[in-house]
Amino acid sequence: MEHSSEHELDLLRLMRLAWAATRRHMVVATLLPLLALSLAATYTAYQTPLYKAKASAFIEDQSRQLIKDVEVGYYLTRDVIQAQKVLAGTDRVLERAARLAVAGGKNKGETEQELLGWLGGSSVGVEGQLITFHAVHEDPDLAAVLANAWCKAFVQEMMERERAGKVYTRDFLSSEIPALRNAWIQKQDELLQFQMESSFDPKDFETHPVIRKHNELSQKLNDLETRRIELRNDLALWEQHQDKVETLLQMPLTQKDTQLSELEKALREQRLKLMQARLEYAAGSQLLVDLSNQVKLLEEQARESLEAMKRRLTLEMQRVEANIAEFSRAREANEKEYTALKSKEARYRVLSSEVERAKRQYDELAQEQGAADVVGRLKFASVQDWEPAVAPDAPFHPNWRKNLMLGFLLGVLLAGMLIFALEKMDTTVKSPLELKERLGVTVLGAFPQLHKREVVEEGYFLAKEQPDLAVLEQLKVVRNSLTISYAQSNGSGMVVLVTSAREGEGKSLVSNNLAILFAQSGWRTLLIDLDVRKSTLSRAWKVPRERGMQDLLQGAGLAQCVVPTVQPNLDILSSSGIRNASEVSEAAALERLLKDARVSYATVVIDSPPILLVADAFHVVRHCDASLVVVRSRLTRKANVLQAVEVLHRAQARDMAFIVNGLGRLDVETSEYGYGYGYGYGYSYGRGYGYGYGHKSKEKEEERGA
């Protein structure tokens with residue numbers, strides 16, 4: 001039951017994946033079947049209409065006729081009907097049908113060869129006891145003419161074959177029966193001649209003196225051989241235990257001897273008395289001496305009796321061997337006569353079986369000849385016309401329903417094959433489950449695509465301005481996981497790096513909203529815009545260009561460089577004003593920056609450039625507690641994910657996890673993440689490396705710029 005449930009779940013998941021792939025490629029899934037359907041309709045419309053007419057002939061179960069008040073029947077089996085179906089489609093019947101159609105004068109100018117060509121494309125079938133003839137032609141009237149001519153030609157062919165079969169059977173039997181009778185008589189003569197020459201009588205074979213004597217000698221030799229084997233076994237056992245009187249007395253052979261059995265019993269009782277006396281009397285007492293002498297005396301008597309028995313066995317063995325030699329000579333003298341008699345008996349059996357076989361063959365053919373004579377006087381009508389063909393009203397070809405159905409199914413098949421090929425050629429990441437199972441990386445969260453009407457500012461401020469969106473639940477799960485895994489209790493804050501493999505995958509959206517969520521949970525948070533070349537978050541928060549990381553590199557303190565945001569507990573360190581990105585990536589500068597940030601803030605979120613495009617994030621990774629890599633569903637390629645993992649490992653990342661962004665509705669339905677949350681879909685975050693700006697109110701611009 002458990003295995004069955006697992007198979008059902010796998011099948012259900014496979015069906016969901018197939019349905020999702022079909023919906024992703026709905027254009028292919030719709031256009032190919034429609035195109036195949038239109039092609040099938042066009043092909044069918046250009047086909048020449050053909051008409052089919054049906055005639056039938058009845059195959060009777062039997063033909064009856066009374067002969068001297070006795071009803072005689074000739075029964076037809078199913079195999080016979082099938083054979084007649086094959087006969088109806090032979091060239092001989094078709095040629096006869098074409099001739100009959102031309103002779104009837106209804107061929108409408110078509111020659112015999114032309115009609116024969118149409119008959120070659122027709123068919124014959126069996127419906128119970130009916131042979132049906134389906135003739136095809138472009139003219140409905142001529143189709144009926146061909147079907148009727150075909151049926152008539154078959155009936156005529158059957159009647160001719162039936163008459164020819166009767167004549168052939170009678171002639172064959174008349175020529176064969178005399179030869180079989182002569183063969184039977186010849187075999188009888190050979191048998192009688194053998195009996196006269198050999199004086200062999202099968203009735204006296206079993207009681208013949210030679211046979212009886214041979215059987216008696218064989219039985220006696222078998223008995224003597226059995227006795228010799230028994231004596232050899234007894235003597236061999238005797239030789240093996242000849243010094244052990246007690247063992248010899250326990251043998252089955254000695255147990256049958258009355259004297260030895262009584263000696264064995266007396267010896268056992270005397271030894272028992274001796275053992276008891278040794279327990280009660282001192283050694284050397286007269287009673288012990290007497291009992292020991294009695295035991296020795298009994299043992300001596302037993303030994304003498306055993307020797308006598310051994311001599312008897314030896315003498316009996318000699319007698320048995322002498323008898324075996326005597327009876328063997330007698331059987332050898334009888335063997336020649338026995339072999340000659342057995343040879344006569346075998347020859348007699350062969351001749352007798354030949355006589356019986358010849359007689360049986362003669363009787364069978366004689367019986368068939370009598371049946372053939374009776375059948376020859378019957379009037380057969382086993383095949384007759386049954387239902388004539390009429391001109392059909394509508395064509396049977398082309399079949400619109402069949403052609404359209406086949407065209408549609410072919411289109412569906414081609415569409416499925418094309419969709420399967422497109423899915424196989426797609427090397428991008430499609431779902432979190434694919435990342436986990438096929439690439440072996442840790443997935444911390446997954447976000448679906450947002451509907452265009454649900455977001456502003458490309459979704460950078462979802463956590464601040466649209467907190468009711470269900471998509472934030474996944475981001476809160478990421479925040480809680482980071483809090484549990486990396487939050488420090490010794491006064492040092494945690495540092496989280498957010499990066500991506502390539503541009504346009506949503507890392508700035510994730511880092512900005514993640515920082516806002518940390519701040520909303522009461523953690524003092526610093527958001528570092530390390531994307532020096534784009535400064536996406538710095539522009540989104542309207543950070544002044546005169547304050548930022550450039551001041552920090554020139555010796556200013558961290559508190560003098562950060563800019564408070566309108567979100568409580570959240571400060572941002574801008575990368576504005578830095579012309580050379582390598583200044584920020586310098587190990588000493590980064591180490592000093594992050595050391596001061598850990599002291600002043602509970603959480604530090606770093607928005608870094610894509611790790612496969614520039615090397616800025618490479619120098620930051622080893623100073624961070626966790627590295628989050630954002631990948632975009634159906635945009636980021638699996639090869640890029642593996643490259644990002646390799647780069648992070650080379651950069652000595654402490655821990656890394658992936659976040660899947662931009663899941664489409666179909667991918668969410670087939671994923672283990674976010675299924676059932678009811679997210680909106682259809683909006684893309686944008687594919688540019690700088691995410692740009694959305695529409696926002698003037699009050700919000702002024703508020704963030706303050």
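Me: To start, in which sense do β9 and β11 pair, and over how many bridges?
Reply: β9 and β11 pair in the parallel sense, over four bridges. Strands count as paired if DSSP finds at least two bridges between them. Keep in mind that this is a predicted model, where local features need pLDDT of at least 70, side-chain atom pairs count only at pLDDT 80 or more, and totals for chains, interfaces and linings use all residues. Residues are numbered from 1 along each chain as its sequence is written, and side-chain values use heavy atoms, with hydrogens and water left out.

Me: How are strands and helices picked out?
Reply: They are DSSP runs numbered from the N terminus: H or I of at least four residues for helices, E of at least two for strands.

Me: Back to β11. What stands opposite Leu570?
Reply: That is Thr525.

Me: And which way do the β11 side chains point?
Reply: Leu570 and Ile572 point one way from β11 (residues 570-573), while Asp571 and Leu573 point the other way. All of them are buried, and buried means under 20% relative accessible area, with exposed over 50% and partly exposed in between (1.4 Å probe, protein chains only).

Me: How does β10 pair with β11?
Reply: Strand β10 (residues 563-564) pairs with β11 in the antiparallel sense over two bridges, and Pro564 stands opposite Asp571. β10 and β11 form a hairpin with five residues between them.

Me: New topic: is Asp531 buried or exposed?
Reply: Asp531 is buried, because its relative accessibility is 0%. Its place is the loop between β9 (525-529) and α17 (536-540).

Me: What does the side chain of Asp531 contact?
Reply: The side chain of Asp531 makes a polar contact with the side chain of Lys507, at 3.5 Å. A polar contact is a pair of N or O atoms within 3.5 Å; within protein, one must be able to donate a hydrogen and the other to accept it, and residues adjacent in sequence count only if both atoms are side-chain atoms.

Me: What about the open sheet of four strands, what order does it have?
Reply: The order is β4-β5-β1-β6, with antiparallel pairing. β4 (123-127) and β6 (383-387) stand at the edges with a single partner strand each, so one side of each has no neighbour in the sheet.

Me: How many bridges join β4 to β5?
Reply: Five bridges join β4 to β5 (residues 130-137). Val126 has Ile131 in β5 as its bridge partner.

Me: Last one: which peptide bond is cis near omega 5°?
Reply: The bond from His397 to Pro398 is cis, with omega near 5°. Pro398 is found in the loop between β6 and α12.
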